[in-house]
Every structure is written in structure tokens, then in C-alpha cells.
Amino acid sequence: MAHLFRDLSLGHSKRESTPPPPPPPLQILPPTRVTTSDLQSPLGQLASQLTDSDLRLTAFDVFLAVCRTSSAKPLSTSASSNLDSPNLNSPSNHSPAVQRSLTSAAASKMKKALGLKSPGSSSGSKKSPGSGPGSGHAKSKRPTTVGELMRQQMRVSEAADSRVRRALLRIVAGQVGRRIESVVLPLELLQQLKSSDFTDQQEYEAWQKRNLKALEAGLLLHPRVPLDKSNTNSQRLRQIIHAALDRPIETGKNNESMQVLRSAVMSLACRSDGSLSDSCHWADGFPLNLRLYEMLLESCFDINDETSIIEEVDELMEHIKKTWGILGINQVLHNLCFTWVLFQRFVATGQVEMDLLYAADSQLSEVAKDVKVTKDPDYSKILSSTLSSILGWAEKRLLAYHDTFDSVNIGSMQGIVSLGVLAAKILVEDLSTEYRRKRKGEVDVARNRIDTYIRSSLRTAFAQRMEKADSSRRASRNQPNPLPVLAILAKDVGDLAVNEKQVFSPILKMWHPFAAGVAVATLHACYGNELKQFISSITELTPDAVQVLRAADKLEKDLVQIAVEDSVDCDDGGKAIIREMPPYEAEAAIANLVKVWMKSKLDRLKEWVDRNLRQEVWNPQANQEGYAPSAVEMLRIIDETLDSFFQLPIPIHPALLPDLMTGLDKCLQYYATKAKSGCGSRNTYIPTMPALTRCTTGSKLGVFKKKEKLPNSQKRNSQVATMNGDSSFGLPQLCVRINTLHQLRTEMEVIEKRIITHLRNCESAHVEDFSSGLSKKFELTPAACVEGVQQLSEAVAYKIIFHDLSHVLWDGLYVGEPSSSRIDPLLQELEQTLLITSDTVHERVRTRIITDIMRASFDGFLLVLLAGGPSRAFSRQDSQILEDDFKALKDLFWANGDGLPADLIDKYSGTVRGVLALFRTDTESLIERFRRVTLETYGSSARSRLPLPPTSGQWNPTEPNTLLRVLCYRNDEAASKFLKKTYNLPKK
């Protein structure tokens, strides 16, 4: 208010430079009365027993005294004019400065500067006592002078006013030429007034005690100049006052008691405070002077509408200013006191008059300017107390502003925030020693306070929402499918965030550029703490867990979106706020739970596979399709697992599908591997080749005793005997295994198509989920099935030829005389085996198995010819028998065109045909060919001695070992001699 008393013009107020949101319409209330508030005055508590009424009356005495000195004439009111002057307007009785008539024709400059409404400016305004005919008072009661107005505003009776005024006239008459500041007013009033000036003794005694207490407060308890403990005058005055309080002294006379009192008072009041002034110091000590001045400032408020400042405040304030000399007030103290009075009135009258709030804020801006240039320690102490009180009151509301403000009173939030932030800035920047030690650029007081308010209020609001959600959950416990607490809370927090962004953030953003971002970061952290505990407590996927995690994921996306939008203009693009919001990883938590669910399902499936494969008998009669029941059941379990997976209420089916597919793929691969294990392979059934020998010339092997057990029959793989005793490895059972693996391979494609259908119906699937086929396909199982079918098919073929038919092939074919042990028995039994196999295996794999049997039979035929052992020998003339038998063998598989294709038979019979041609070749040519091929194979090292070629098992008419074996089994002299000479082979 410094400028008010310099040029009566105030600059733009905070309220004018930053217009607040228009407050909602207020309800029409009865006239507001100042209510008792828990807001204690920061101007200081008096050690004396002066009541507020005592202070007000004393302040009024001071006001009348200083106004009397504004001219040579005493101040008069309407009431006093009738008593002391026959003419109200007589210049002999009235000072022109204070007796001019009051008018509301021109709006108050001070009110305009503070942004306060004038009566009639809005429908909610009320008239002040001197504001016009609408004030509700009769014309006769309307104050016509400043003195009369002040009396009414301070609720002083006309009798008391008249009594004080008369005393002042006597004081002036007795002390002509003295300044009012050099007068100890309570002492002089005691000197001039006696009991007869009062209506009764009780009133007189109360008046006397009040003035004595005022002297005690101003001279003993709160003196301007500190008292020396050894000061005898202070001790004497204390004794006089205490005695007078118990037994009233006689006043109004120049008696001894008054002389003693005057002596003690004046000796204390006239002590110098270091200034050159001759003023008496009786009311200018802290905090007495501030409390008295507070009473004067409160007179600016309309007694009939205590939320409004009277229209005549300019004139009234001009006279109040004259009390500064007595009270020791200056401009900075006035600004501070007036700030407090405006603020206190706003609080005490129910916080409904926004003009008072913004006026207090405007005044506080003046205080902020004053503190920059004022270093008085007493002022700093009072300022700190006042600002702390204002800040404490504001923060009590702002630290939980969600509880404080709603749609009705949200209009006051901006003013309260502004007031609180400004008070905090002054306290920190101008009064804090810690702040001075830091570089000022490091501390943004306003932003830090707003940040604290946001975080504190939202934590409180979150806790309330948490309790509400818990109550809601308990209330709906008996209802079907009640929502989990954290799912309810997620929705409430989302609503809270939206409300924050729309209602509070626009206001708080004036002081904090990222108010909404800080708000959502706080909510994100609060909910995150609860979610973290929840996640740590869940061990399996449940509907409640999925609901909570999905709600958390949605909430996080909403909060992050608000933070990003709020940080558009931020230098770092909002990275600092986003760093405060570590991801909930709700999707990861869902994924982990689903993976636990999948692992459980897959572990059970693998256990089931192990158990059922041990029990599986591979019975071809078990079902019409001819494959294992365990495979049927396994495929059913897989279908159910996939259905259950896609029924899970999760948003990440496509992301987790590859893990499930991999797990199922491994289970199916495991089944395929187990289905073929123990069934042997091609090499399992091929017998061990006997040692090379040569034939004796003219030997007759036909007379060989067939009843003797042939040594060759004992040289088959030992595994054959083991499997021969297990019915699960019989030919029909092996065929069922082949059917099963083929069926699994076929069903893989069906399952993959079904997965695509599931994905199309999945809410979280995207176009790219369909374009990438790898995640929806089985990678291991198809290859395992193909490999298994191939292995089992070869095993079946070689088992048939070298195990099941060994008695007619290995043990019978061409043993002794070839002409008497031809292929017919083998063909007969092989044909029956082919019929059984064709009926057992699936038609889609039938050709493959028959082809493998044909290949095995061709291998068996060659093995008999080239490694049949000492029981076999062939002459050149036997070649026709061999060719005829091989043709019969081929015809069996051709079956007059109903069997295998002729070109396929030709493809696999080429090697046999080439070897049979050797049996037609004469011995000399064979020997020559053998020499040439061996030399070509081994080079010059074979010239001196032909090396013995190793057995490769890959028969070929151009291969040295094949040619050597034909010579070994050639029943003539030339071959025998060559073998004897070259390799010293033994005879058969």
C-alpha cells in the first residue's frame, strides 16, 4: 500500500494481470458475520490482559487524538455537534479536513486499485453504511463525517466518543503548542476524566483499568525502548498499576497519586529510542502498536457486510495514517498489517469473497517489494511470522486441494495458490539464510511448492480412492463376478487423472509448466506400489489377476498419454516426467503368468505322453483309422489347450502364441521320437557278411546237409532277437506306428489352420500377425514325423526281408544247388506279407512301404549272391536261373500293373541287373576286368600285388569288391586258382 499514501494510485494487481477463472455463482446468503477462526494473529500476542474490545477503544482514542491535530479545531461528529456546539457547521468547532460530508459519488481509488467491487457492481454486493439510499439505514443515521463514520465502524458508543473528545479538548487547552506525539494519551485521559463523567462506577472502573493496562502494555510489557532491570521508575509504575487494578485510584484531579503516576509514566515514556524526535514512546513498541493498528485497519470493513470494504475507505485511511507517529508505524509495516487484515477477513468470513483474497494477494506483492529494501530485524521477525501463518493456512488446503476445492469453490483456488506461493517465495528468497548460500538460479520456489502440493494432494486422494475401492469390493462380494479392488482402483485413478487435467492443472500450470505431468507421475507411482505388491502375491493365472493387469495396462497408457500431451512444449520433450514413470510391465506380468500356465499344461502333456506311450500296444484293431489311440487323445488335448489359450482374457495372444507353439511342437516331437524308438533301422536287420572264401573245383554243394544249422543264421544283429519277443514291435504294430506318425503330420496342418481362425477372432491380433507364418507353424514335429515314417518304413522292409523271411531267403535261397533252391518259397511268403502290410498301413504311405520292401528284397537278393557264405556257389550256367528268379521277384511287385509303377521298379533294380550280368560273364573276362578296375582304383601301387579291396556294401558291377565277390562264388577252376594265387583265400 506504499503507493496509496504517495499518489493514491495503485498499479495493476495480480488479479487484474492474470484474470482468474470466473467463479461459479454463489448462493444468496444472509449477511456474513466474522466467525471465530483457528487462525491466530501473527502480529504478536500481548503479555497484558487487554482484550480485543480494550484494544479497539484504545485505538479509537489514538485515532481521535491524531485527527484533532489535522487543524486547529477538534474533530467532531454529528453526535458531538449537538452537545458542544449550537451550530454543527460552525467553523469554530470543526476542522474542514474531517468535517466534510461523506459521499459515494466517486468510486474509491483504493478499492479500484485493489480490484474490490463497489456496491451495486454485482448482484451479490452489499451496500456500505455511507454508500447511498440502498444501505438499509434511515437518512438520519447515515454518517456525514469521517469522525462519525469511524465511531460507527469501531462500534464506539456516542457517549464514549463524546467523553474522549471532551477530554481531548481539555488536554489541548492545557498543553497548547505540544505535538500529540509528545503526549501519553492514557495518562492524560486519566488526568482529565473522573468518575462523574461516567454513567456508573462500574463503567468508570473498567475505563480506568483499560487505560492502566494500556500504560502497562506500552511502557512495561512491550516498551519501544528496552527496560533496564534496575530501572526504579519501571518498578514503581508496576506497583502503582497493580495496586490500582485492585483498588481504583482517584482520577481527574492533580492529586498526589496522579503526580506519582505521571512521574513514573513520563520518565519511562520520554526515554530516547535514538532518534531526534521528542515523541513519547507509550504505544509504539512491538507488538502493541501492531495490534492497535490492526484494530484501526479493521474499521475499513463494513459493519453490515463484513466481506466488503466501505466506499469511504480513501478518506478513512488518510486519517488512520495519522496514527503512525504515535504507533511507530511506517509504510512497510502498514503494508504488512493491511495484507494480514485483508487475508484474515477473507478467512474469517467463510472464504466466499474473492475480492478480499485477490486484494490480499495484491498487498502481498507490495510486501514482496518492501522486503527487498527493508533490513529491520523486528520487521523481519513479524514478516516471517505473518507469512508463515498465511502459508500455513494456504498449505493446509493446498496439500490436500482435492478435499478443499470442488465445482462450487474452485474459483478461489488460483488466489489461494498465488498467495501461498508468494508467501513461500518471500520466506525462502528473502528471509532464508540457506537460500542466500545457494545460487538463486538453482531454486525455483514457486515450482517446488506447486510440485509439493500436487504430489501431496494426489497421494491423499489416491489413498481415499483406495479405501473407496476396497469398500466397493466388500459391498459387491455377494454379487456375481465382482471386480477386484485394483481393477476398481485403476478406473477411479483414471477418472482422477482426467479430472486433474481438466480442473486443477490449468490453474497450477501458471506456476508449474508440467503440472499435469507431475500429477499423473504421482498417480502412476501410487498405483504402481499397489500393483507391485499384487504381482508379487500372485502365482497363477486367474480371472482376477488378468482383470487387474489389463486395467493397470490401460491406466498406464492413459497416464503416459496425459504426461506426453502436457510436455509438448518442454525442452526435453517430457523425458524427465516419463523417467518418473517406470513401466508397470503389466503385459510382461501377464506374459509371465501365461507362461506359467503354459508350462503347467505342457508339463502335464509330456507326462501324459510318457505314461500313455508306455501303455500303448499299437493295436491295428484299436480304431478304424489304424493309428494309435494315444495319438488321438494327444491331439484332443492339444486342441483343448489351444482353445483354452485363446479363451484367456489377455490382450497379447499373438505375442505369446510362439511360446505355446514351441512347447506343443516339442511335445509332439517327443511323441514322434518315442513312437519310433526301439524299432530298429535298416542296419538292425542286415546280417553280418561271412569271410571271403573260394570254391573247390567240381564241388557239389547240393549234397550239403541242410538240417545242420547254418553258421550264417547266427550272425544277425542281436537286437533282432530282443525285438522278436516284444509284440509291440511286430509287423502290424510297426505299421500302426507308421500310420500314427503320418496322421500326426497331417493333423499339424489342420491345427495350424485352426490357429489362424483363432487369431482372426482375437481382439488383439493385427494384420502382421497373419502375414508372419512362422509363429503359427510347427517346425520340429513335421520333420520328426517324416523322419520317423522313413525310419520305420525301412525298418519294416528290412525286418520283413531279413528277419521275418530269413528262413526262405538267407537260410534257403540258392543253398547247395541253385536249381533246387530257387526263389519260389520266398515269393510265396513275401506275397502274403505284402497283402498284410497293404491292408494295415494307410494308403498315403502304402506305396512308400511297398517300395522300401522291394528295395530290401533286392538288397537281400544281392546279399545272397555276393555274401551268401560257403553254402552257396554259382556256375556261369546258373546265371539264367538267377535272372529268371529276379524277374519273378520284380513281377511280384509289379503285379501285372496293379502294383508299383514299372519305372520305379526299373529305377531300383538297375544295380541287380548290372551284377547279374557279371554272373553271365566268363571267368577270364571277370579276372581281367577285376585287374583293370583295381589298378584304376589303386594306381601304380597295385602293379606288383593286387590289394584286397574292402567291402563297402554298395554293390556295383564296376566296383572291385563286387567283382571279387562274383569270383569268390564262381564255381570253376580258373577263379579258384586266381583267388588262391592272388589272395590265398581258403576253400569253402
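## A charge over a ring

In this predicted model, the charged end of R345 sits over the ring of F301, at 4.2 Å from the ring centre. A charge is said to sit over a ring if NZ of Lys or CZ of Arg is within 6 Å of the ring centre and within 35 degrees of the ring normal. R872 likewise lies over the face of W810, 5.7 Å from the centre of the ring.

Because the model is predicted, local features need pLDDT of at least 70 and side-chain atom pairs count only at pLDDT 80 or more, while totals for chains, interfaces and linings use all residues. Residues are numbered from 1 along each chain as its sequence is written, and side-chain values use heavy atoms, with hydrogens and water left out.

## The chain as a whole

The protein chain has 40 helices and zero strands, where helices (H or I, at least four residues) and strands (E, at least two) are DSSP runs numbered from the N terminus. Of its 988 residues, 53% count as buried; buried means under 20% relative accessible area, exposed means over 50%, and partly exposed lies in between, with a 1.4 Å probe and protein chains only.

The protein chain exposes about 45,100 Å², of which carbon and sulfur atoms supply 50%; such areas come from the Shrake-Rupley method with a 1.4 Å probe, and for residues only the protein chains shown count as cover. Among contacts (heavy atoms within 4.5 Å) in the protein chain with a separation of 6 or more, 78% come from residues 24 or more positions apart.

## Covered helices and a buried loop residue

Helix α6, residues 146-153, is mostly covered, since eight of its eight residues are buried; among them are V146, L149 and M150, as well as R151 and E148. After α6 comes R155, whose phi is positive, near 55°. Helix α13, residues 313-320, is largely enclosed by the rest of the structure, because six of its eight residues are buried, namely V313, E315, L316, M317, H319 and I320.

What does V184 touch, if residues up to four places away in sequence are not counted? V184 touches L215, V265, M266, A269, C280 and W282. This residue is placed in the loop between α7 (158-174) and α8 (185-192), and V184 is buried, with a relative accessible area of 0%. V184 and H281 are 97 residues apart in sequence, and their C-alpha atoms are 7.8 Å apart in space.

## Salt bridges

A search of the whole structure finds 36 salt bridges, each being a side-chain nitrogen of Lys or Arg within 4 Å of a carboxyl oxygen of Asp or Glu. One of them joins the side chains of K599 and D603, at 2.8 Å from N to O. These two residues are four apart in helix α26 (residues 586-615), so K599 and D603 are separated by about one helical turn. An α-helix has 3.6 residues a turn, so residues three or four places apart point the same way. K599 is exposed, with a relative accessible area of 51%, whereas D603 counts as partly exposed at 34%.

The side chains of R855 and D852 meet in a salt bridge of 3.7 Å, N to O, and both residues lie in helix α35 (residues 843-867), three residues apart. R855 is partly exposed, with a relative accessible area of 31%, but D852 is buried, at 5%. K977 forms a salt bridge with E973, in which the closest N and O atoms are 4.0 Å apart; K977 is exposed, at 52%, and E973 is partly exposed, at 34%. Elsewhere, salt bridges that share partners join D52, R291 and E294 into one network.

## Aromatic pairs

The structure holds 19 aromatic pairs. Rings of Phe, Tyr and Trp (its six-membered ring) pair if their centres lie within 6.5 Å, and planes under 30 degrees apart count as stacked, over 60 as edge-to-face and the rest as tilted. The rings of F645 and F646 have their centres 5.1 Å apart and their planes at 80°, so this pair is edge-to-face, and both F645 and F646 are buried.

F874 and F919 also form an edge-to-face pair, at 5.6 Å centre to centre with 85° between the planes. This pair links distant parts of the chain, with F874 in the loop between α35 and α36 (879-894) and F919 in helix α37 (residues 902-920), 45 residues apart. F874 is buried at 0% relative accessible area, and F919 counts as buried at 1%. One aromatic cluster is formed by Y814, F858, F861, F874, F886, F893 and F919.
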